[in-house]
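Here is a short briefing to keep beside the structure.

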Amino acid sequence: MYKLTWSQEQTNKQENHRKLNINCIENKKQQMLKSKMSSQNVAEIVFFDLETTVPRKAGARIWVLEFGAIVVCPQKLEELESYCTLIRPTDLSVVNLRSGRVDGITRAAVRTAPKFEDVADRIFGLLDGKVWAGHNIHRFDCPRIREAFVAIGRPPPVPVGTIDSLGILTQRFGRRAGNMKMATLAAYFGLGEQKHRSLADVRMNLEVLKHCATVLFLESSLPDILGCPNQGSPTVATRSRYNGRLRSYGGETSRKSPPISSVGYHKVLPYARNTTIQEISSGGLKDEFKKEKPKPVKHEMIRHFAAEALFFPYDMKKESVFHGLGRSDPFLCPRSCNQFSQITVETLTHKYKFNRMEQIAAGAGGEVPVYDRNKELKAFDETKAGVKGLVDAGIQKIPRIFVRTPEEFTEDLAYKYEDDKIDIPLIDLQGISIDQRRKEIIDEVRQASETWGFFQLVNHGIPSTVMNEMIQGVRRFHEQDVELKKQLYTKDTSRKVQFDSNFDLYRSRSANWRDTLRCLFLTHDPMNPEELPDTCRDIVVDYWKHIMNVGDTLSELFSDALGLNKDHLKGMDFAQWLTLNCHYYPACPEPELTLGTTQHSDPSFFTILLQDCFGGLQILNQNCWVAVKPIPGALIVNIGDFLQLISNGKLKSAVHRVLANRVGPRVSVACFFRGSTARLYGPIAELSDENSSIYKHTTVKAYTEHYYSKGLSRVSALNHFKL
C-alpha cells in the first residue's frame, strides 16, 4: 500500500511537472508572439463581452455584472490571454434574488464579487490601445464599458479600431443561418449552445467568425459552384431579440434585448435611405416591409444605385482612403478613421451618375424618387423630437437632410487631418494667487490664445461632483419623455429656455446630428429658476454660479495677456449676456456621412466647454484638424469672435467642429460669454489706432443677427465686419 501511494505521488509529481513545462512553453510562445507583434507594430485584438442588468424603466442605469475578454493575435488567431470576473453593482437590489436570466447571474453570485472600480485597472489594461471585437459591441458593449468608467470618474479606454461581428456578418455572410443571433450562428456551425456568460461567449464569437470566414473564402474561390444563392438580404438590419420588446423575468431580461436606451440600442426598423421623415415618425413603412411588395425593376435599380452612389459620395471598395489604416471597410477602421481624410474628386461624380440614372428611368417609364428638401426639413422640425426622436424610431440610414453635400466633402480636401501626437495647450491654474506663478500662467494664456485660440484648463475651482452632475442633468433632460421636451421646443432664440435641434436648420447645407437645450442668462433681466426644466434645474443654477467665477478669472488673464489692466474686460461688460448650450449628440448609424456640429467659430468673447469622455471635438490649427482629447476634470476654453475683434486680431478665434459617432450619446455644455447688448464694441484703442484697425465697430445684436442669418459655416462672420 505504501509503495502504491508512493508510486501515485511520483506519477502526480511527474504529471504536474509536465504540465508546468507545457505552461512555461506556452507562456514563452505567447511572450515571443507578443514581442514580435510589438516590434511589427501590430495591434492585438480583444474580444470582450458584458453581462448587464436590464433597467426596469427607460433612462435607468445599466449595471455591468460580468466582464469577460480574450486577447487574440490577429496573425494566427491564437488566444494570448483571457480574463473574466463577476462585478458587484453598488445597488444590489438591481439584481433579483432569483434570476430568470439566461446567464444565471443572481444576487448571491455577485454579492461577494469585486466592484467595478476594483477591477477597472485590469480592464483598462486589457482594452486600451487594442482593437475591440465582439458581437453587437458598437451598440451595446462599447457604450456600456465607457459609461462604467465615467461613473467612477475615470477616463475610459480608447480602442485603435473596432470589429463588430454583427455588422460584418450581416453584410457579408447574410441571413443564411436564419438570423444574426450568436446562438443561431453557433448552432448553424454545430458549435454547441450559447452559454450567455462573458468568457464563453467571446470564445464562441471567435469560432463563429473563423467558420464564417472559411465559408466565404471557399465560396469566393469557386463562386459558380459553391456560391450560396439564398443568403438573404445583406442590407436588411437585424432586429433585437423579442423584436425590441422588454420581456419580463421578474424585472430582468437578457442583456441582448434591453429596452430603449440613450445609446442607440433601439427597436430596429428597416427604413430605406429615401424614407421620408413623415414615414419614419408615423411608422408608415412597417406594413410595406412586412408584405415585401414587389417593386418595378427600374425603380429597384434606382433605389439600389441611390444607396450605393448618391448617399455614399465615395466608393467603399476602391476610392475612399481612410485616415490611418487606409482600409475601405468602416467596420474594421478606428473611430477616427470613419471620418475619412481624403476623398478623390472623381468619387463625387457618383451624384451625377445617379442623376443620369433618374433620367434614363424616367424615359423608360420607371418610378423616380422625388426629394423635396424643404418639405423634409419642415417634417423633421414639426416632430419636435429632435435627432434623438429619429434614433428612438430605430433608423439605420440617416435621413438625407443630414447627409453632407458633395461640395462639403470637396472642401474637406483642403485640410490635413488629426495627428494623435498633437495636443492642444493645457493650462494649470494651481498657484495662480502667487505672483510668479500668475505671470507664468498669463504667458501660457497669451501664447495659447495667439497661436491656438484653444486650451484646456485644470484646477479651475469647479468640483468634479458639480461637473459630473451637470453632464448627468443634461442627459436626464434629453432622455426624458419626448412629450415633456416638446413643451420647450421652439425656434425663437429670444426665449430664455429653449429646446431645439439645429438653430440654422433651414439655412444650413446639411443638418447636424445634435439636439440642444439652451438657457439664456441676462444680468439686466434675471431668469426665474422655475423656468428651467425640473430634470436639471438645481444643477444648472449651481453650475452657472461656478462658471461665472471661472469666467471672471479668465477675463483677468485675457486682459493681462493683452497688456491691459486686469479689469479691462470686466469694464466692457463681457458677462452681461451668458448663454448655456447643453448639447446632446445621439449615437449615429452613419457618422461618416454627417457631422455633430459643422465647423464654425463662436459669437462670443470666449467660451467655456464642459464635455464628457466620448470626444469628437476637433479644432482647426495650421490647416490641420486636431482632436481635443478629453481630460477628466478639465474645462476647454476657446477664444470667440468678439475677443478677436476687440484685440484687433491679436487673439485668435478658433474654428472647430464636432464629429458624429457610432457610440454615444456625447454630452457637452458650452457657456458663451457674449457681452452687453447695450454697448458698441470695436478694436481697443490701446491695441490699435485709426490706421491699423482691422475691424469696424458693431453691437452684439448686429453681430448676432448676422451670425444667425448665415448659420454655421466655414466662412467666419468676422469677415463681414472687416474694414
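**Helix contact**

Arg 438, Ile 441, Ile 442, Val 445, Arg 446 and Ser 449 of helix H17 touch Glu 556, Leu 557, Phe 558, Asp 560 and Ala 561 of helix H20, where contact means heavy atoms within 4.5 Å. This is a predicted model, in which local features need pLDDT of at least 70, side-chain atom pairs count only at pLDDT 80 or more, and totals for chains, interfaces and linings use all residues. Residues are numbered from 1 along each chain as its sequence is written, and side-chain values use heavy atoms, with hydrogens and water left out.

- By class, the contact of H17 with H20 has six nonpolar, one polar and four charged residues.
- The axes of H17 (residues 435–451) and H20 (residues 537–561) come within 9 Å and cross at roughly 80°.
- H17 and H20 are therefore roughly perpendicular to each other (65 to 115 degrees).

**Nonpolar cores**
- In the largest nonpolar core, of 75 residues, Met 470, Tyr 543, Leu 554 and Phe 558 touch the most other members.
- H20 gives the most to this core, with nine residues.
- Beyond its neighbours within four places in sequence, Tyr 543 contacts Ile 462, Val 466, Met 470, Leu 580, Leu 610, Leu 635 and Val 669.
- A nonpolar core is a set of buried Ala, Val, Leu, Ile, Met, Phe, Trp, Tyr and Cys residues joined through side-chain atoms within 4.5 Å.

**Strand pair**
- Val 497 and Phe 499 on one side of strand S10 (residues 497–500), and Gln 498 and Asp 500 on the other, are all buried (under 20% relative accessible area, 1.4 Å probe, protein chains only).
- Four bridges join S10 to strand S11 (residues 515–522), and the two run antiparallel.
- Phe 499 stands opposite Leu 517 in S11.

Notes:
Buried < 20%, exposed > 50% of the residue type's maximum accessible area, 1.4 Å probe, protein only. Pairing = 2+ DSSP bridges. Axes fitted to C-alpha atoms, helices over the stretch in contact; angles between N-to-C directions. Parallel < 35°, antiparallel > 145°, perpendicular 65-115°, else oblique. Nonpolar A, V, L, I, M, F, W, Y, C, P; charged D, E, K, R; others polar.
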